[in-house]
Amino acid sequence: MIYPKNFEQKIGFDSIRQLLKDHCISNMGIEYVDQMQYSYLYDDIIAKLEQVHQMQSVILFDEQIPFQDFFDIRPTLTRIKLDGTFIEIDELAELRAVLTNIIQIFVYFRVKNDEEKYPRIWDLCKDLFLEKELVESINKILDPKGHLKDNASEELRRIRREIIKISGEADRKIKKILQGAKHEGIVKEDAEMTIRNGRLCIPVPAQFKRKLQGFIHDESATGQTVFIEPTDVFDSNNELKDLLNAERREIIRILTEISDLIRNSLPNIHIGVDFLGIIDFIRAKAQFSIRIKAGLPHIHNEQLLDWHQTVHPLLYLNFLNSHKKGEPLNIKLNRDARILIISGPNAGGKSVCLKTVGLIQYMMQSGLLVPMQEISDMGIYTSFFINMGDEQSIDNDLSTYSSHLSNIKTMIEHIDESSLFLIDEFGSGTEPTLGGAMAEAILDHIYETNCFGIITTHYGNLKVFSESH
């Protein structure tokens, strides 16, 4: 359980999500960032952390993976799912790039697995079905630049040869006509051939439009120039248009044929695209961990904190830009000393310490490496509770103190020995004597649940409480 609903915003994890998205190179990876949740299952946490740790090693110390062409082709796959639909040429090029990238990543980690490296990432790869035959079929009709080859079919080769031939003849004819028109002063000296409505035309001043035989296809916005298709190129243009239509029909036939092959492989392709999203997600987490100098501490399937030189990642990044340096945190909680009470002057760092603990613990249980010395020990908590800030609500007719009590009530009802709670300015918001007494009574109850937590306070009676418990 996480309480309250805006727990992530209170500890700053929403900012961590955004930073992770900035490192993603695909929509699929960004979606995995949005779906990221904390876990309290030891094996699940270890698997995710080791995936990131191994990817971190790949980025820092090994040959580079081809992290490119992570196209989101899912809309295309959905569209061509129906029989009779066909994929467009640019979409086909993206599909080929995606399938090729999947194969390259698979081969990379297969080789590394043979070298006994990166087993956690290989576990994600090993069951993939590689669509090598489909890639070969695509390569037969697409060139390396993603254009449809002339020899994609014999019919397409013949049509394109005819197009080149007829286009050449039409160009020669219209150039000859254009030169003659320039010589006679019918068109301007700098006039060039142009295309209007798919037809080769000559731009002619409106006053001379009757001196050049042909069909007027268009005129300029001012009406001072008309675009005439000369009579002598009618037949060539008509034949060229027929050939272009035939070319398009043949292209559609070829694309429909390859789409049928793709359709048979859609389940495997979807799995492959999802795999790229996972790899992008893990890569983004690894890049972020490098950026904040995070590592993998010792993780234990119990509740404890024994952290050394722990740094708040958001403060660290902010201080990088301003050339400041934060003070790292050392903290230890175990079954013999489960609750830490922090006191001190305002602006002394109490709340920052509390937020650091909440954020770092939540990051780790969400599968992120954390900025602390790797000799540190981290446990696992099944639920998180935080009470900080002014939650006064006019809608619910709650005063500041009432809202704090409402939050504490929820904690008391759900907290247990595997919970971590964080309470900032415990008992504040009311008269000090009464607030301190209430806080001590609540703390005494919370203490009996054997949970773990951190409290910041100015109340002297709570400091005394810590000496007797």
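What percentage of the 469 residues of the chain count as buried? The share is 48%, where buried means under 20% relative accessible area, exposed means over 50%, and partly exposed lies in between, with a 1.4 Å probe and protein chains only. The model is predicted, so that local features need pLDDT of at least 70 and side-chain atom pairs count only at pLDDT 80 or more, while totals for chains, interfaces and linings use all residues. Residues are numbered from 1 along each chain as its sequence is written, and side-chain values use heavy atoms, with hydrogens and water left out.

**Overall form**

The chain contains 16 helices and 13 strands, these being DSSP runs numbered from the N terminus, with helices (H or I) of at least four residues and strands (E) of at least two. Its radius of gyration is 35 Å, well over the 23 Å that the globule rule gives for 469 residues, so the chain is more spread out than a compact globule; the radius is taken over C-alpha atoms, and the rule is 2.2 Å times the number of residues to the power 0.38. Along the principal axes, the C-alpha atoms fill a box of roughly 110 × 60 × 45 Å. Among contacts (heavy atoms within 4.5 Å) between residues at least 6 apart in sequence, 73% join residues at least 24 apart.

**Strand pairing**

Strands of a sheet pair through backbone hydrogen bonds, either parallel or antiparallel. In this chain, five strands form an open sheet with parallel pairing, in the order β1-β11-β12-β13-β9, where two strands pair if DSSP finds at least two bridges between them. The edge strands, each pairing on one side only, are β1 (2–3) and β9 (339–342). Four bridges join β9 to the parallel strand β13 (residues 452–456), and Ile342 stands opposite Thr456 in β13. Elsewhere, β4 (residues 214–219) and β5 (residues 225–230) run antiparallel and are joined by five bridges, with Ile216 opposite Ile228 in β5. These two strands form a hairpin with five residues between them, and Gly223 in the turn has a positive phi of about 80 degrees.

Met378 is found in strand β10 (residues 377–378) and counts as buried at 0% relative accessibility. Leaving aside neighbours within four places in sequence, Met378 is in contact with several residues, including His298, Leu304, Trp307, Ile360 and Met364.

Ile11, in helix α1 (residues 7–11), is buried with a relative accessible area of 2%. Not counting residues up to four places away in sequence, Ile11 touches His312, Lys355, Gly358, Leu359, Tyr362 and Ile386.

**Backbone exceptions**

Most residues other than glycine have a negative phi, and most peptide bonds are trans. A cis peptide bond joins Tyr3 and Pro4, with omega about 0 degrees, and Pro4 lies in the loop between β1 and α1. Two residues other than glycine with positive phi are listed below.

| Residue | Phi | Relative accessible area |
|---|---|---|
| Glu116 | near 65 degrees | 75%, exposed |
| Tyr118 | near 55 degrees | 9%, buried |

Glu116 is placed in the loop between α6 (89–114) and α7 (119–125), and Tyr118 lies in the loop between α6 and α7.
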